[in-house]
Amino acid sequence: MGNDLNHTPRDGRALVIGLDAGGTRTRAVLAAADDGHVLGESTGGPGNAMTVPVPQLTDHLTEALARVVPEEARARVVSVTGGFAGATAASEDDPGTGRARTALTEALRRLGIPAGRVGVCSDIEAAFAAAPGTPSEGLALVAGTGAVAMRITGRHATTTVDGDGWLLGDEGSGFWIGRSAVRAALRMADGRGRPTVLAGWVGRTLGLPVDVLPKGGIPSYDRGGAVPPSGTAPHPTGVPGWERARREDFRRHLLPAVMADPPIRLARFAPLVAEAAAERDAVAETILSEAADHLLAAVRALEPRPGERIVATGGLLGPEGPLTAPLAARLHTHGLSLDWVADGRPGAVALARLAHPS
């Protein structure tokens with residue numbers, strides 16, 4: 001993606017840069033230091049400070065910065081703040097913070113950008129600062145591929161709940177929801193679980209052979225549905241015709257298809273759960289309800305005060321997010337509400353401006 005300048009920076013005007021460096025891409029914003037007016041935006045490669053090697057991270061930052069800051073304007077950049085996944089501003093001893101600062105400093109040097117102030121914080125701290133008024137105190141909640149809740153004090157994270165990654169935590173996240181969908185499919189196939197459309201949908205998404213998938217609809221969605229003839233036991237999966245041999249084949253194909261990808265790829269099944277829940281699939285509804293419970297537990301572990309601000313980000317909690325309504329309802333009973341932001345770009349710019357003395 002090329003340079004996207006909204007206006008040519010005026011001669012003599014001081015400039016700031018805000019970076020939102022996440023696991024998928026790095027986004028850079030060039031803005032005026034005096035009023036924060038955005039002058040241009042660009043993107044580069046992934047920017048997670050813990051998972052992207054420093055040389056590669058440096059290249060990605062250089063790429064994004066080169067696209068957004070014209071060469072003739074680079075000498076006027078006075079402050080840069082980067083919000084990095086995998087970093088925290090709480091301690092310079094944090095490995096992710098050190099890696100991010102090393103990469104960002106080198107990227108600026110390569111481009112001849114002599115920023116007097118270079119700040120590094122977590123992408124969550126940047127997202128919190130993106131809320132109206134650039135708040136300095138409150139709670140931050142992220143629910144996307146991963147999930148984490150933080151208390152922010154003085155614009156720095158001081159307490160963290162979860163965010164422990166796919167192996168140990170991230171409960172209620174897109175990964176957690178996607179994994180629950182696959183587990184529900186396996187449990188339905190082996191006879192332990194309730195009927196759910198997720199079995200067929202997960203199988204099709206993974207490219208399983210059509211002849212191993214459950215055929216037809218799920219008559220009951222676990223809500224009563226069709227009653228079998230008198231004296232006939234209900235089919236164990238709720239799908240007549242999906243007999244044991246085909247169910248075994250389903251499992252035999254599904255497991256290696258899942259294992260062939262990195263575990264975090266399970267997050268791609270989260271939209272299927274949202275779609276199934278919208279069609280009143282009871283298993284999918286239960287998964288989303290439990291996910292909302294996990295996020296509520298994370299927030300409550302931070303001991304929020306009634307009315308305390310909760311800045312939320314991540315696709316699961318956006319305007320169309322499947323967990324927005326159920327979590328908002330749960331928070332309401334505790335006197336809490338969500339203030340959603342799309343990402344950390346505006347926050348990173350705001351923090352860069354605050355770091356530059358007027």
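Predicted model: local features only at pLDDT ≥ 70, side-chain atom pairs only at ≥ 80, totals over all residues.
**Aromatic pairs**

Two aromatic pairs turn up in the count. Select Trp 242 and Phe 250 for one of them. Their ring centres lie 5.2 Å apart, and the ring planes stand at 80°. Planes over 60 degrees apart count as edge-to-face, so Trp 242 and Phe 250 make an edge-to-face pair. Are these two residues buried or exposed? Trp 242 is buried, at 0% relative accessibility. Phe 250 is buried too, with a relative accessible area of 0%.

**The whole chain**

Zoom out. The chain carries 11 helices and 11 strands. It has 358 residues, and 51% of them count as buried. Now consider contacts between residues at least 6 apart in sequence. Of these, 69% join residues at least 24 apart.

**The five-stranded sheet**

Select β7, β8, β9, β10 and β11 together. What order do the strands take? The order is β9-β8-β7-β10-β11, in an open sheet with mixed pairing. Look at the edges next: β9 and β11 (337–340) each pair on one side only. From one strand to the next, the twist averages 30°.

Move to β7 (residues 137–143) and β10 (residues 309–313). These strands run parallel and are joined by four bridges. Pick Ala 140 and follow it across: its bridge partner in β10 is Val 311.

Then take β8 and β9. This pair is antiparallel, with six bridges. Arg 151 stands opposite Thr 159 of β9. The two strands form a hairpin, and two residues lie between them. Click on Gly 154 in that turn: its phi is positive, about 60°.

Which strands does α9 lie across? They are β7, β8 (147–153), β9 and β10. Against β7, α9 runs at about 155°.

**Two aspartates with positive phi**

Stay on β9 (residues 156–162) and select Asp 162, which lies in this strand. Asp 162 is not a glycine, yet its phi is positive, about 65°. Its relative accessibility is 19%. The cut-off for buried is under 20%, so Asp 162 counts as buried.

Next, go to Asp 170. Where is it found? Asp 170 sits in the loop between α4 (165–168) and α5 (174–190). Here too phi is positive in a residue other than glycine, with a value near 55°. Asp 170 is buried, with a relative accessible area of 8%.

**Two crossing helices**

Finish with α6 (residues 198–205) and α8 (residues 270–278). Their axes come within 10 Å. The crossing angle is roughly 145°. The crossing of α6 past α8 is right-handed.

Show the side chains where the helices meet:

- From α6, select Leu 198, Trp 201, Val 202 and Thr 205.
- From α8, select Leu 272, Val 273, Glu 275 and Ala 276.

How many residues of each class make this contact? Six are nonpolar, one is polar and one is charged.

Conventions:
Residues numbered from 1 in each chain as written. Heavy atoms only, no water. Axes fitted to C-alpha atoms, helices over the stretch in contact; angles between N-to-C directions. Left-handed = near helix turned anticlockwise from the far one by under 90°. Contact = heavy atoms within 4.5 Å. Nonpolar A, V, L, I, M, F, W, Y, C, P; charged D, E, K, R; others polar. Buried < 20%, exposed > 50% of the residue type's maximum accessible area, 1.4 Å probe, protein only. Pairing = 2+ DSSP bridges. Phe/Tyr/Trp six-rings, centres within 6.5 Å; stacked < 30°, edge-to-face > 60°.
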